[in-house]
Each structure stands twice: as structure tokens, then as C-alpha cells.
Amino acid sequence: MTADQTGARVQEALDRLTGSGAQEAGEALVRELMAFYDEGLTALVKAVPARDLAPLLDAPAVAGLLVLHELHPEDVGARIDRALTTLAGSEIEFVGFQPDSGTLTLRRAASGCGCGSGATDVEDTIACHAPEVTEIVWRTAPALLQIGTRPPTSAEAR
């Protein structure tokens, strides 16, 4: 379960609460729960040494909660790198991130077996670790030239 998935389910539940102040009551409930979780998570993050917290940052639910509550100890660049690292077997290279627009540019290797992570996997993983990314632009790495031996000269061909 990711923070995005949970947020979507909460929003769906709030959308079903219509009429006679029910939606306002639902939103107030969410705010109270968020404040409660924020207080508890803040105390937890302060109590856990950084070296013990680091391995937990790979777990999508933990990363999503810490980002949601602005408690994640890493900056957005480190979180993007962490997300790309978790995509085992993929040949994806970070090209750049524009914080003003939220655009992340990635490069996928031109070669490969095609069994790496799909675009949806990458988008879901990035959304969990770095919700600041609003768009992913893909670039394809140029194909490598195969360099072989030169053709024989006329003197060598004889």
C-alpha cells in the first residue's frame, strides 16, 4: 500500500459523504487522524537512530508516510536515487530534475532484454519516494556503434 493509493481511497470515502455536513465531518476526521499520526511519527523518527531508520526508507509505506508528514530525512534528489535503486534489473539513468516544474528526466538504455521495470513501475516507485515529481520525461540512450576491424587494404587482401 502506498501513500498515493491510501490517499485515493480516503478521497473516495470523503466523496461518498455528501449532504448535511457529512463531508465536512469526514474532512475533520482525516485532519484529526493526520495530526495524531504526525505527532506519533515525529516522536518515533526522533527516537530512532539514523542508521536504524535508513533501511526502513526503502519500504514504500514507510517512505510514503515520512514524506507525507515531512519527516523524511533525505532530500528529493536522494529519494529519487533511492527509488531508482529499488528498481532492480532496470537500466534507468537519472538525467535531471527540475524542482520548479516537478519534471524528472530519465534515460532508459537502448539495449537490454526488455525485462526491466516498466514505465508504470517506475512512476509508482517515484510517486512513493518523491511525490514532488509531477512528470517523468523519458529519453532513450543512443545506440552504441559496433566497432569492428577495418576492412583489409588492397595490399593485405592479396
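Visitor: Does glutamate 74 count as buried, partly exposed or exposed, and why?

Guide: Buried means under 20% relative accessible area, exposed means over 50%, and partly exposed lies in between. In this predicted model, glutamate 74 counts as partly exposed because its relative accessibility is 21%.

Visitor: Which residue does the side chain of glutamate 74 meet in a salt bridge?

Guide: The general idea comes before the case. Side chains of opposite charge can pair when their charged atoms come close. Here the partner of glutamate 74 is arginine 82, at 2.6 Å from N to O. Arginine 82 is at 16% relative accessibility, so arginine 82 counts as buried.

Visitor: With which residue does aspartate 58 form a salt bridge?

Guide: Aspartate 58 also pairs with arginine 82, and their closest N and O atoms are 2.7 Å apart. This pair links distant parts of the chain, 24 residues apart: aspartate 58 sits in the loop between helix H3 (50–53) and H4, and arginine 82 sits in helix H5. Aspartate 58 has a relative accessible area of 37%, so aspartate 58 is partly exposed.

Visitor: How many salt bridges does the count come to?

Guide: The count comes to four. One of them joins the side chains of glutamate 132 and arginine 79, at 2.7 Å from N to O. That pair, too, links distant parts of the chain: glutamate 132 is in the loop between H6 and S3, arginine 79 is in helix H5, and they are 53 residues apart. Arginine 79 is buried because its relative accessible area is 6%. Glutamate 132 counts as partly exposed because its relative accessibility is 35%.

Visitor: Now the nonpolar residues. Which members of the largest nonpolar core touch the most other members?

Guide: In soluble globular proteins, nonpolar side chains tend to be buried together. The largest core here has 13 residues, and Ile80, Leu104, Ile126 and Val133 touch the most other members. Two or more residues each come from helix H5 (76–86), strand S1 (92–98), strand S2 (103–108) and helix H6 (119–129). H5 gives the largest share, three residues.

Visitor: Which residues does isoleucine 126 touch, not counting those up to four places away in sequence?

Guide: Isoleucine 126 touches Ile80, Ala83, Leu84, Leu104, Pro131, Val133 and Ile136. There is also a second, separate core of six residues, which includes Val45, Leu53, Leu57 and Leu71.

Visitor: Where is threonine 125 found?

Guide: Threonine 125 is in helix H6. At 17% relative accessibility, threonine 125 counts as buried. With neighbours within four places in sequence left aside, threonine 125 is in contact with Ala83, Thr86 and Leu87.

Visitor: Which residues make the nonpolar surface patch of about 430 Å²?

Guide: The patch is made by Leu29, Leu33, Phe36 and Tyr37. Leucine 33 has its place in helix H2 (residues 22–47), and counts as partly exposed because its relative accessibility is 37%.

Visitor: Where does isoleucine 147 lie?

Guide: Isoleucine 147 is in the loop between strand S3 (135–140) and helix H7 (154–157). Its relative accessibility is 74%, so isoleucine 147 counts as exposed. Isoleucine 147 is 40 residues from arginine 107 in sequence, and their C-alpha atoms are 23 Å apart in space.

Visitor: What is the phi of glutamate 70 near?

Guide: Phi of glutamate 70 is near 55 degrees, a positive value in a residue other than glycine. Glutamate 70 lies in the loop between helix H4 (60–68) and H5. Glutamate 70 counts as exposed because its relative accessibility is 74%.

Visitor: How many helices and strands does the chain have?

Guide: The chain has seven helices and three strands. From the N terminus on, the order is α-α-α-α-α-β-β-α-β-α.

Visitor: What radius of gyration does the chain have, and what would a compact globule of 158 residues have?

Guide: A compact globule of 158 residues would have a radius near 15 Å, whereas this chain has 23 Å. Along the principal axes, the C-alpha trace spans about 95 × 40 × 30 Å. Of the 158 residues, 25% count as buried.

Notes. Residues numbered from 1 in each chain as written. Predicted model: local features only at pLDDT ≥ 70, side-chain atom pairs only at ≥ 80, totals over all residues. Heavy atoms only, no water. Patch = residues over 30% accessible without salt bridge, like charges linked within 9 Å, V, L, I, M, F, W, Y side chains within 5 Å. Areas by Shrake-Rupley, 256 points an atom, 1.4 Å probe, with all protein chains shown as cover. Helix = DSSP H or I, 4+ residues; strand = E, 2+ residues; numbered from the N terminus. Buried < 20%, exposed > 50% of the residue type's maximum accessible area, 1.4 Å probe, protein only. Core = buried A, V, L, I, M, F, W, Y, C linked by side-chain atoms within 4.5 Å. Contact = heavy atoms within 4.5 Å. Rg over C-alpha atoms; globule rule 2.2 N^0.38 Å.
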